[in-house]
Amino acid sequence: MKVLSVNSGHNSSIAYCDNGEIKIAIETERLNKIKYSEEPFEALRTMLNQTNHIDCLGLAGMSKNQLPHLHETYIRSLRKGAFESFLTYDSGLMHHKMHASTAFYNSGFDKALIIVSDGMGSEFYFNTKEDVVYYGREHTSTYIMSYPANIKCVNKKVSFPYKNNFNPLCDNHINISNHISEGEAFSVFSVHCGFGVLDAGKIMGLSSYGKPDDNIPPIYVDGKINNELFVIKNNSLHTIEINVNKYPYLKTTDFQILANFAYALQTKTQEHICNYIASMVSKQGISKVCLTGGYFLNCVTNAYIRKNLPDIELYVEPISSDSGTSIGTSKFIHHTKTKDMTIRPQTSIYYGLIYDYTLEQIKSKLDIQEKIIKTTAKEVANIISNNNIVLLYQGRSENGPRALGNRSLLYNPIDPNGKDKVNMIKQREKFRPFAGTVLQEKAKDWFEMLDMKESPFMMYALNVKKDKIKLIPAITHVDNTCRIQTVTSEQNKHFYNLISEFKKITGVPILFNTSLNLAGDPMAETIDDVLKILRNTKIEYLYLPEFNSLITK
Ligand SMILES: [Fe+2]
């Protein structure tokens with residue numbers, strides 16, 4: 001069965017699934033170059049060139065009201081395409097349920113408890129006793145899932161922006177309150193700091209510079225977000241602010257005070273979420289746990305949970321952002337309609353479009369001042385060890401927000417000025433840390449791996465071993481952690497070879513690895529995108545390992 005699914009809303013995406021396997025999945029922003037794009041048509045059109053038949057169209061949405069309109073629009077758009085008509089489409093596949101499906105079908109578990117946490121999920125409508133309808137938004141949902149497509153919600157927290165005395169009627173597993181979600185608190189504070197609403201990751205990075213500060217008000221009161229600190233204005237979940245009238249200490253641009261707040265938010269929230277997971281595991285008696293939803297892109301929290309709940313079998317979904325929900329939608333439809341019981345753990349997330357460039361095509365794109373020369377992994381490793389940035393471009397793009405060696409910007413982790421240098425080139429804030437990719441068999445010598453053999457999708461910030469901190473200053477954060485990717489030759493042959501060569505030269509089996517984009521831009525997808533970065537920065541090298549070639553300028 002061939003299923004094509006679309007996720008609208010921010011981080012819109014599409015995923016094409018054939019017989020239960022994801023063949024192509026991509027975020028719209030990579031194609032239309034609009035960060036967090038909400039408009040999936042560009043991706044849909046491009047995708048249609050690579051798929052010639054679909055049996056079912058799935059739509060993952062946030063709002064019931066939007067879906068009928070979207071159906072019509074999508075159907076009209078699809079029928080214009082040069083491919084056979086689809087047989088049916090599924091709608092009403094609510095947001096958290098689709099996050100849960102993505103994680104469950106990718107986890108390899110036969111049955112699991114799934115915790116979904118994000119800023120806001122689908123809208124929820126409630127009748128009050130006075131028969132007036134109000135709506136809230138799901139923000140933390142817990143499901144039990146098993147094959148082929150059994151899903152049961154056992155707990156759902158809903159933000160309800162009205163006063164509690166509205167007393168809406170609802171099922172008993174739904175907990176409503178006029179408190180915002182944990183993820184939303186990060187978003188609100190991100191905006192308070194002058195960053196974007198979807199820049200919660202920056203707050204995580206900032207938190208490492210913070211320290212305990214008695215002037216920071218409590219983040220949680222009675223187990224819920226302090227709603228005198230995070231105030232909902234005008235009964236709308238879209239107007240939430242830090243209450244600087246009540247807490248004037250927070251009306252500041254002082255870096256240390258903001259970092260102290262971020263520290264309190266990060267530490268209290270990870271503790272809060274970890275306790276919630278422990279309570280759900282104990283209540284449901286299931287120890288296989290999947291975590292997903294935007295909040296679980298927080299690799300500091302993920303490491304904290306793994307450390308503090310060592311008895312659970314944990315899977316953290318790498319495509320936890322909303323872009324992953326199109327994958328969950330496709331797989332959910334496949335398993336529902338075919339009753340397929342096959343378990344397919346996720347082993348790779350190089351799901352991007354297939355370009356199959358030839359060397360001649362690439363050469364034809366070069367400007368007069370750019371040249372292409374034959375090279376080897378050894379030569380490129382040498383260039384990096386001499387403190388040069390190298391762009392790495394090969395194969396299909398990574399799904400999700402992390403660069404995993406097919407679209408990566410690489411640097412020397414040994415250079416003490418590396419962080420400042422690359423932050424400046426990428427036009428990022430000075431305080432933000434960088435990730436590293438390590439040969440899997442060497443990971444335990446350099447990082448405290450908790451109970452893990454590998455971390456192939458960069459979902460954990462782990463402590464750098466004490467005797468190694470000074471050796472990799474460019475990727476060691478201020479709290480001595482590093483977000484790492486482990487890599488094997490099977491997972492990514494060319495990347496593995498390059499790091500192996502770097503190790504022969506320097507003794508360090510690690511490369512500084514960050515996404516191939518400039519601040520605020522989507523990740524590079526095509527060779528044209530990456531050539532543009534080469535031209536618009538001082539970066540001098542672009543490595544194409546599939547062609548043993550290096551482009552220089
Ligand atoms: Fe979400």
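1. A quick definition to start: a residue is buried with under 20% relative accessible area, exposed with over 50%, and partly exposed in between, using a 1.4 Å probe and protein chains only. By that rule glutamate 525 is buried, at 0% relative accessibility.

2. A word on the basis of this note: the model is predicted, local features need pLDDT of at least 70, side-chain atom pairs count only at pLDDT 80 or more, and totals for chains, interfaces and linings use all residues. Residues are numbered from 1 along each chain as its sequence is written, and side-chain values use heavy atoms, with hydrogens and water left out.

3. Now to the salt bridges (a side-chain nitrogen of Lys or Arg within 4 Å of a carboxyl oxygen of Asp or Glu): the whole structure has 20. One of them joins glutamate 525 to arginine 30, at 3.5 Å from N to O. Glutamate 525 sits in the loop between strand E23 (510–515) and helix H15 (527–536), and arginine 30 in helix H1 (residues 29–32), so the pair ties together parts 495 residues apart in sequence. Helices (H or I, at least four residues) and strands (E, at least two) are DSSP runs, numbered from the N terminus. Arginine 30 is buried too, with a relative accessible area of 3%.

4. Have a look at lysine 2 and aspartate 18 as well, whose side chains form a salt bridge of 3.1 Å, N to O. Lysine 2 belongs to strand E1 (residues 2–7) and aspartate 18 to strand E2 (residues 13–18), so this pair links parts 16 residues apart in sequence. Lysine 2 is partly exposed, at 24%, and so is aspartate 18, at 22%.

5. Finally, Asp199, Lys202, Glu429 and Arg432 are linked in a network of salt bridges.
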